[in-house]
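This briefing covers one protein chain. Look at the sequence and the model first, then work through the points by topic.

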Amino acid sequence: MSDEAQPAVSCRNVWKIYGPNADKIVGTPTADLPRAELLERTGCVAAVRDVSFDVTEGEVFVVMGLSGSGKSTLVRMLNRIHDPTAGEVLLDGDDIMKLDEDRLREVRRTKISMVFQHFGLLPHRRIVDNVAFGLEIRGVEKEAREAKANEVLDTVGLGGWGNSYPDELSGGMQQRVGLARALATDPEIMLFDEPFSALDPLIRRDMQDEVIRLQRDVRKTMIFITHDLAEALKLGDRIAIMKDGKFVQVGTPEEVVAHPADDYVADFTRDVPRAHVLTVRSIMRTANGDGDYAGDVAASTIVQDLLAKVAEEHRPFRVVDDGEQVGVVDRTAVLAAMIEDR
């Protein structure tokens, strides 16, 4: 993430507490009580506790946690499906809590879209009409909105299905319609609330690949909620691990796997094949006068992807970043990283 990039989404000390006099609990020692004790003493439940983060334009930011960790509540505060008990939610610097109803409605129609676990397709409407629904609400003429809907159906691999109805499509295809519907309004920010958790594993993997492809093609700012660590590692530029309403660790997939912040994160990442996540940068060494190199590899190369090269080559490789040598990697370093996975 570039230091010069401006946040598309910012949360500042965001809380969500359900129950009587919730605002009086914010920021007090009582708010840090275990949830069961807090409920017993106050009648309140702290779903999100003092969360702050920034998401840069074009970034995929994944919030990962177990059921009850607060991740879905958090993402639903970003478009005010739920209002925070305290804190600020900023979209391009504007606090959405200060928007009146008309302006909030406009932001939801034009700036931000959401993809849910349950597709929510209108069964009596054709696929093209489902995709164009947001444009219809916006008042776009029928011909123009259908043209846009068919365009995004092509984008998600459903070209030619526009005249079909939802019950004619498989679950994976219906979720692609959900993606197309979210894309049709050309939002700057896309929110995903566990969209693939109800899908079969193979279809889920295909949909993850679809999100990766879409991000490569359309470069939206995406905030993705999941309880699946493998999904988080696959999709996220950065990952936030959430527990009991708080962020335990925020970092790149490599940072989370290589340097877990505590035992909780370490338990999550224990079974992750490190060589499938770590990059060459994390295992390289400084150059020691090695003059005979087998070639160059990018510092961002995944260790697993280098295995075939080092298997056939005894000489070290130069590690480069933006055309400059930053280190050296050899067969010994790659094999050592592979052995750690055993």
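Buried means under 20% relative accessible area, exposed means over 50%, and partly exposed is in between. Leu39, at 43% relative accessibility, therefore counts as partly exposed. The model is predicted. The points below run from the whole chain to single residues.

**Overall build**

- The protein chain has 14 helices and 13 strands.
- Its C-alpha atoms fill a box of roughly 65 × 60 × 40 Å along the principal axes.
- Of the 342 residues, 47% are buried.
- Take the contacts with a separation of 6 or more: 66% of them come from residues 24 or more positions apart.
- The accessible surface is about 16,800 Å². Carbon and sulfur atoms account for 47% of that surface.

**Nonpolar surface patch**

- Tyr18, Leu39 and Val45 make a nonpolar surface patch of about 240 Å².
- Leu39 sits in helix H1, which covers residues 35-42.

**Charges**

- The chain carries 42 positive and 59 negative side chains.
- The centres of these two sets lie 3 Å apart.
- Side chains of opposite charge can pair when their charged atoms come close.
- The salt bridge count comes to 27.

**Salt bridge Asp92 to Lys111**

- The side chains of Asp92 and Lys111 meet at 2.5 Å, N to O.
- Asp92 is in the loop between strand E4 (86-91) and strand E5 (94-95), and Lys111 is in the loop between helix H3 (101-110) and strand E6 (112-116), so the pair ties together parts 19 residues apart in sequence.
- Lys111 has 14% relative accessibility, so it counts as buried.

**Salt bridge Arg281 to Asp321**

- Arg281 and Asp321 form a salt bridge at 2.8 Å, N to O.
- Arg281 lies in helix H12 (residues 280-283) and Asp321 in strand E12 (residues 317-321), so this pair ties together parts 40 residues apart in sequence.
- Arg281 is partly exposed, with a relative accessible area of 41%.
- Asp321 is partly exposed as well, at 31%.

**Salt bridge Asp292 to Arg315**

- Asp292 and Arg315 meet in a salt bridge at 3.2 Å, N to O.
- This pair links distant parts of the chain, 23 residues apart. Asp292 is in the loop between H12 and strand E11 (296-298). Arg315 is in the loop between helix H13 (303-311) and E12.
- Asp292 has a relative accessible area of 48%, so it is partly exposed.
- Arg315 has a relative accessible area of 32%, so it is partly exposed.

**Salt bridge network**

**Backbone points to check**

- Most residues other than glycine have a negative phi.
- Asn21 has a positive phi, near 55°, and is not a glycine. Asn21 lies in the loop between strand E1 (7-18) and H1.
- Asp322 also has a positive phi, about 55°, without being a glycine. Asp322 lies in the loop between E12 and strand E13 (324-329).
- Is Asp322 buried or exposed? Its relative accessible area is 76%, so Asp322 is exposed.

Notes. Residues numbered from 1 in each chain as written. Predicted model: local features only at pLDDT ≥ 70, side-chain atom pairs only at ≥ 80, totals over all residues. Heavy atoms only, no water. Patch = residues over 30% accessible without salt bridge, like charges linked within 9 Å, V, L, I, M, F, W, Y side chains within 5 Å. Areas by Shrake-Rupley, 256 points an atom, 1.4 Å probe, with all protein chains shown as cover. Salt bridge = Lys/Arg side-chain N within 4 Å of Asp/Glu carboxyl O. Helix = DSSP H or I, 4+ residues; strand = E, 2+ residues; numbered from the N terminus. Buried < 20%, exposed > 50% of the residue type's maximum accessible area, 1.4 Å probe, protein only. Contact = heavy atoms within 4.5 Å. Lys, Arg positive; Asp, Glu negative; His and termini not counted. Charge placed at Lys NZ, Arg CZ, Asp CG, Glu CD.
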